[in-house]
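Biologist: I'd like to learn how to read a structure like this one. Can you walk me through it, feature by feature?

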Amino acid sequence: MCQIDRDTIAIEVLRDIALDDRRMLAERQRAIDALTLFPASAVATLEYIARKTDLEVLKERSRLYIQRIKSGAHLSMSGV
């Protein structure tokens, strides 16, 4: 399995966790945070989450990361 496939699978899993309303809010937020590990691929997924989620806090978190990625900001999960 090549790295691109693994990254794609990881992104899809994180997306599914972020959108799973049976999970705790903190888990869903951390899934969104973890998407920033894939900045080149995460924007489309974060945009999808922002459109599909039912919670405003998750929409805001996704939009914030989209803005930061597009502006070229360095993202670190330790600073979240």
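Modeller: Let's go from the overall fold down to single side chains. Keep in mind that this is a predicted model.

Biologist: Fine by me. How many helices and strands does the chain have?

Modeller: Four helices and zero strands. Read from the N terminus, the order of elements is α-α-α-α. The radius of gyration is 12 Å, close to the 12 Å from the globule rule for 80 residues, so the chain is as compact as a globular protein of that length. If you box in the C-alpha atoms along the principal axes, you get roughly 35 × 30 × 25 Å.

Biologist: And what share of the residues is buried?

Modeller: Of the 80 residues, 36% are buried, where the cut-off for buried is under 20% relative accessible area. The chain exposes about 5,100 Å², and carbon and sulfur atoms supply 53% of that. For contacts, take those between residues at least 6 apart in sequence: 54% of them join residues at least 24 apart.

Biologist: Now the charged side chains. What is the general idea there?

Modeller: Side chains of opposite charge can pair when their charged atoms come close. In this model, a search of the whole structure turns up nine salt bridges.

Biologist: Which residue does Arg 61 pair with?

Modeller: Arg 61 bridges to Asp 33, with the closest N and O atoms 2.7 Å apart. Arg 61 sits in helix H4 and Asp 33 in helix H2 (residues 25-35), so this pair ties together parts that lie 28 residues apart in sequence.

Biologist: Are these two buried or exposed?

Modeller: Arg 61 counts as buried because its relative accessibility is 18%. Asp 33 is buried too, at 0%.

Biologist: How accessible are Asp 20, Arg 22 and Arg 23?

Modeller: Asp 20 is buried, with a relative accessible area of 15%. Arg 22 is exposed at 74%, whereas Arg 23 is partly exposed at 34%.

Biologist: What about nonpolar side chains on the surface? Which residues form a patch?

Modeller: Leu 25, Leu 55 and Val 57 do, and together they have about 200 Å² of accessible area. Take Val 57 as the example: it lies in helix H4 (residues 56-71). Val 57 counts as partly exposed because its relative accessibility is 34%.

Biologist: Last one, a loop residue. Where is Thr 53 found?

Modeller: Thr 53 is in the loop between helix H3 (39-52) and H4.

Biologist: Is Thr 53 buried or exposed, and what is it in contact with?

Modeller: Thr 53 is buried, with a relative accessible area of 4%. Setting aside neighbours within four places in sequence, Thr 53 is in contact with Leu 19, Arg 28, Leu 58 and Lys 59. When you inspect a loop residue like this, look up its accessibility and its contacts together.

Methods. Residues numbered from 1 in each chain as written. Predicted model: local features only at pLDDT ≥ 70, side-chain atom pairs only at ≥ 80, totals over all residues. Heavy atoms only, no water. Patch = residues over 30% accessible without salt bridge, like charges linked within 9 Å, V, L, I, M, F, W, Y side chains within 5 Å. Areas by Shrake-Rupley, 256 points an atom, 1.4 Å probe, with all protein chains shown as cover. Salt bridge = Lys/Arg side-chain N within 4 Å of Asp/Glu carboxyl O. Helix = DSSP H or I, 4+ residues; strand = E, 2+ residues; numbered from the N terminus. Buried < 20%, exposed > 50% of the residue type's maximum accessible area, 1.4 Å probe, protein only. Rg over C-alpha atoms; globule rule 2.2 N^0.38 Å. Contact = heavy atoms within 4.5 Å.
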